[in-house]
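Keep the viewer open as you read.

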Amino acid sequence: MAVAACNEMEWLVRVSSKEERIGQVPGTEAPGLTVPQHQRNAHTARGRNLAYMVQAGKRLGVESELRILSFGCSSGEECLDFADVFPRARIVGVDLNAKALQKAQALDHPRVHVMNSTEDNIAASGPYDIIFAMNVLCLHPLPPGTETLASAYPFALFESAIQLLDAQLKPGGVLGIYNSHYFLDDAEVFAHYAPIADDHLNNGWLPKYRPDGELATRIVFQFDGQLRSRDEWLALIATDYARRKDEAWHEWIDPDVYSGRFTDVTLWEKS
Ligand SMILES: C[S@@+](CC[C@H](N)C(=O)[O-])C[C@H]1O[C@@H](n2cnc3c(N)ncnc32)[C@H](O)[C@@H]1O
């Protein structure tokens with residue numbers, strides 16, 4: 001994997017000048033510059049996405065000098081996990097939630113830089129070797145009375161984020177998308193992506209939708225060989241995220257109407 005195009009000092013200068021500008025009042029930058037909002041809930045935890053980072057590390061090498069973007073980093077736990085798994089990587093976390101950003105900025109890790117989610121900030125530190133958008137490209141819970149996803153979280157919103165992230169991912173880079181409402185397979189850039197299926201890790205506990213907003217999948221949850229409700233399963237894996245491969249999978253609502261997408265893939269390699 002190609003190492004960063006500019007040297008360390010150039011990179012730090014670029015990143016810190018951005019941090020100064022947005023660091024004073026996180027979340028209050030000029031309207032129009034931020035990336036449109038996706039998931040509003042900022043829940044996160046250490047270890048939550050670790051298994052996927054380890055899997056990406058098997059591809060790109062954990063000792064490589066990578067640039068990593070955590071899109072929707074919340075209070076920064078995902079960035080700290082990245083820093084542990086990739087000891088020579090520089091990690092950029094972006095978010096829109098002012099409280100979460102303040103916490104993340106206070107982590108003060110030498111290889112983690114946290115910024116407001118603007119196209120400029122993301123591009124200033126890119127392109128990246130790894131981009132994760134985990135539990136971000138969705139809206140959960142859906143507003144009461146939502147009949148199809150199209151009004152609450154239109155496919156165009158997902159597509160715009162995928163285009164933004166794709167533009168900042170290097171060829172050969174790894175894109176991680178977990179708990180998205182839509183399929184990467186339906187995005188315009190999909191022809192450039194191949195699934196990475198080294199380990200069987202599930203792709204989340206939110207059902208997936210067709211681009212027109214109609215429901216496409218339901219999810220089967222299992223733990224220790226027994227079928228579970230979603231809430232039981234979430235409680236069980238929260239005690240040990242490493243066991244998340246034990247196990248959930250998407251099933252088509254009506255395979256005759258809509259199917260043929262990769263239902264349970266989280267990591268993708270860009271060609
Ligand atoms: C549920 S948290 C996920 C945190 C972490 N990625 C994880 O998996 O634990 C979703 C986060 O996405 C953020 N988010 C939503 N839209 C965003 C955008 N356009 N750019 C950056 N972050 C965004 C939210 O503010 C929230 O903090």
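## Around helix 4

Helices here are DSSP runs of H or I with at least four residues, strands are E runs of at least two, and both are numbered from the N terminus. This is a predicted model, in which local features need pLDDT of at least 70 and side-chain atom pairs count only at pLDDT 80 or more, while totals for chains, interfaces and linings use all residues. Residues are numbered from 1 along each chain as its sequence is written.

Helix 4 itself spans residues 98–106, and Ala100, Leu101 and Ala104 in it are buried. (Buried means 20 or more other C-beta atoms within 10 Å of the residue's own, exposed means 12 or fewer, and partly exposed is in between, with C-beta atoms placed from the backbone.) Look down the axis of helix 4 and its buried residues fall within an arc of 100 degrees, so they line one face; the arc is taken over the directions from the helix axis to the C-beta atoms.

What do the buried residues of helix 4 pack against? Their partners are helix 3 (77–85), strand 2 (90–95) and strand 3 (112–116), where a contact means C-beta atoms, placed from the backbone, within 7 Å. On the face turned away from the buried side sit the exposed residues Ala98 and Ala106.

Seven strands make an open sheet, ordered 3-2-1-4-5-10-6, with mixed pairing. Two strands count as paired if DSSP finds at least two bridges between them. Strand 3 and strand 6 (193–196) are the edges, each pairing on one side only. On average, neighbouring strands of this sheet are turned by 20 degrees against each other, direction ignored.

Strand 4 (residues 128–134) runs parallel to strand 5 (residues 169–178), with six bridges, and Ile130 faces Val174 in strand 5. Strand 5 then meets strand 10 (residues 267–270) in antiparallel fashion through three bridges; there, Gly176 is opposite Leu267. Strand 10 also pairs antiparallel with strand 6, this time over four bridges, with Ala194 opposite Glu269.

Axes are lines fitted to C-alpha atoms, for helices over the stretch in contact, and angles run from 0 to 180 degrees between N-to-C directions.

Five bridges link strand 7 (residues 217–223) to strand 9, and Ile219 has His250 as its bridge partner in strand 9.

## Ligand shell and whole chain

Which residues are closest to the ligand? They are Ala42, Thr44, Gly72, Ser74 and Ser117, out of 24 that surround it, meaning a C-beta atom, placed from the backbone, within 6 Å. The shell holds nine nonpolar, twelve polar and three charged residues. Ala, Val, Leu, Ile, Met, Phe, Trp, Tyr, Cys and Pro count as nonpolar, Asp, Glu, Lys and Arg as charged, and the others, including Gly, as polar.

Zooming out, the chain has eight helices and ten strands, and 39% of its 271 residues count as buried.

Key:
Contact = placed C-beta atoms within 7 Å.
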